[in-house]
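Subject: Handing over the structure

Hi,

Here is the structure I promised to pass on to you. Have a look at it first, then read my notes below.

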Amino acid sequence: MAGIRLRDALERHQISLCLAALAAGFLAGAALPGASALQALINPAIALLLYATFLAVPFTRIRAGLLDLRLLGLLLLLNFVLVPALVFVLSRFVAHDAALLTGVLLVLLAPCVDYVIVFSALGGADHGKLLAATPLLMIAQLLLLPPFLWLFTSGSVAGLIEPGPFLEALVFLILLPLAAAAATQLLAGRRPAFRALAAAGNASMVPLMLVVLFTVAASQTRRVLEEGLSLAWLVPLYAVFLAVMVLAGAFTGRAGGLDYGSARALAFSGATRNSLVVLPLALALPDAGGTAAAAVVTQTFVELAGMALCIRFIPQLLPRPAGRAAGESNRRNRR
């Protein structure tokens, strides 16, 4: 009972807690020179977070997501037609600086496939369907990033895209946590130990999210601070991108006739970017790679802070139908 109360308290205050975790990570990264070593923990922390998230997904929702061709089509339209158009316009503000331009294009043109599932779950979206779409989004960005980079930079950085980071992210951040969650769900009905593990996983989503936010902020803050004022242009640019894509996702979902859960998933997908996967590509750049990488990390900070707010505001943009919300409330009260 105490565990349930604690979980409910964490979920009620999750926005404040997320912002506090970001702030604590930023302060730790600024004050402790060795905090950058925490970068090695980012992917394991995200994998654990996704495992906990997948535990809460009924696997029938994944099957439904694979069959939802309307949502899949709108995800492709939003991320690979509308996003590139907006990114081209916004990127003109930093087109004078090749390193900044490269970082901006790398991060904004690649839709997120990892922690977007967690944020969409916290925001009441149909994250099972979004999970089903992740291989499609990963393959599409791997194929389309080089031509987009070639178009937007006159061919100067199109050759830097390698499949390695994308395939590693797909395997270690999606497929392995998904397989582990499926096995846990299967065994939970037979063995008490796995039933307890599933319950613990379901209760740990918010704490694990706080760990991820702190780890990312603490490990990357010094990289951003080293670049200083050269990144100042990027903060409003990234904030505009996030706000416009939340609204565009909500509008596209409504216009496309999606239910509220799928429309919320669409909005989260349009707004979140694949920063942790493209960061190694930015770091590998031969010239001014540090500046491009700092541009990627700056987007991560803006996005994570924005996502903490989107958890609250996307459900307001795309509310549940009144009858369904009342029915769910009555069911909770009867429990």
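The second largest pocket has a volume of about 300 Å³. A pocket here is an open set of points on a 1 Å grid over the protein atoms alone, with protein on both sides within 12 Å along at least five of seven lines, and lining residues have an atom within 4 Å of a point. Grid points are joined across faces, edges and corners, and a volume is the space filled by probe spheres set on the points. Of the 14 residues lining this second largest pocket, N43, E168, L276, V277 and P280 are the closest to its centre. Two or more lining residues come from each of α3 (42–55), α9 and α14 (275–283). Helices are DSSP runs (H or I, at least four residues), numbered from the N terminus.

Before you go further: this is a predicted model, so local features need pLDDT of at least 70 and side-chain atom pairs count only at pLDDT 80 or more, while totals for chains, interfaces and linings use all residues. Residues are numbered from 1 along each chain as its sequence is written, and side-chain values use heavy atoms, with hydrogens and water left out.

Back to α9, which covers residues 163–188. Its 26 residues should span 38 Å at 1.5 Å a residue, and the end C-alpha atoms are 36 Å apart, which agrees. (The expected span is 1.5 Å times one less than the number of residues.) α9 also bends by about 30° at L175, and the proline P177 follows within four residues. The bend at a residue is the angle between axes fitted to the seven residues ending there and the seven starting there. Several residues of α9 are buried, including P165, F166, L173, P177 and A188. Buried means under 20% relative accessible area, exposed means over 50%, and partly exposed is in between (1.4 Å probe, protein chains only).

With 23 residues at 1.5 Å each, α5 should span 33 Å; its end C-alpha atoms are 31 Å apart, which agrees. There is a kink of about 35° at V83 in α5, shortly before the proline P84.

Searching the whole structure turns up one salt bridge, meaning a side-chain nitrogen of Lys or Arg within 4 Å of a carboxyl oxygen of Asp or Glu. Both K129 and D68 are buried.

On to the rings. The structure holds three aromatic pairs. Rings of Phe, Tyr and Trp (its six-membered ring) pair if their centres lie within 6.5 Å; planes under 30 degrees apart count as stacked, over 60 as edge-to-face and the rest as tilted. F26 and F301 make an edge-to-face pair, 6.3 Å centre to centre with 75° between the planes. Since F26 lies in helix α2 (residues 14–31) and F301 in helix α15 (residues 289–317), the pair ties together parts that are 275 residues apart in sequence. F26 is partly exposed at 35% relative accessible area, whereas F301 counts as buried at 15%. Elsewhere, ring pairs link F88, F148 and F152 into a cluster.There is also one cavity of 30 Å³ or more in the whole structure. A cavity is a set of grid points where a 1.4 Å probe fits but cannot get out. The largest cavity has a volume of about 40 Å³, and its lining is made up of Y238, F241, L242, A271, Q299, V302 and E303. The elements giving two or more residues to that lining are α12 (234–255) and α15.

Next, take a look at α7 (residues 115–122): eight of its eight residues are buried, so this helix is largely enclosed by the rest of the structure. V118 lies in α7 and has 0% relative accessibility. V118 and L49 are 69 residues apart in sequence, and their C-alpha atoms are 7.6 Å apart in space. Just after α7, G124 takes a positive phi of about 75°.

Q39 counts as partly exposed, at 29% relative accessibility.

Cheers
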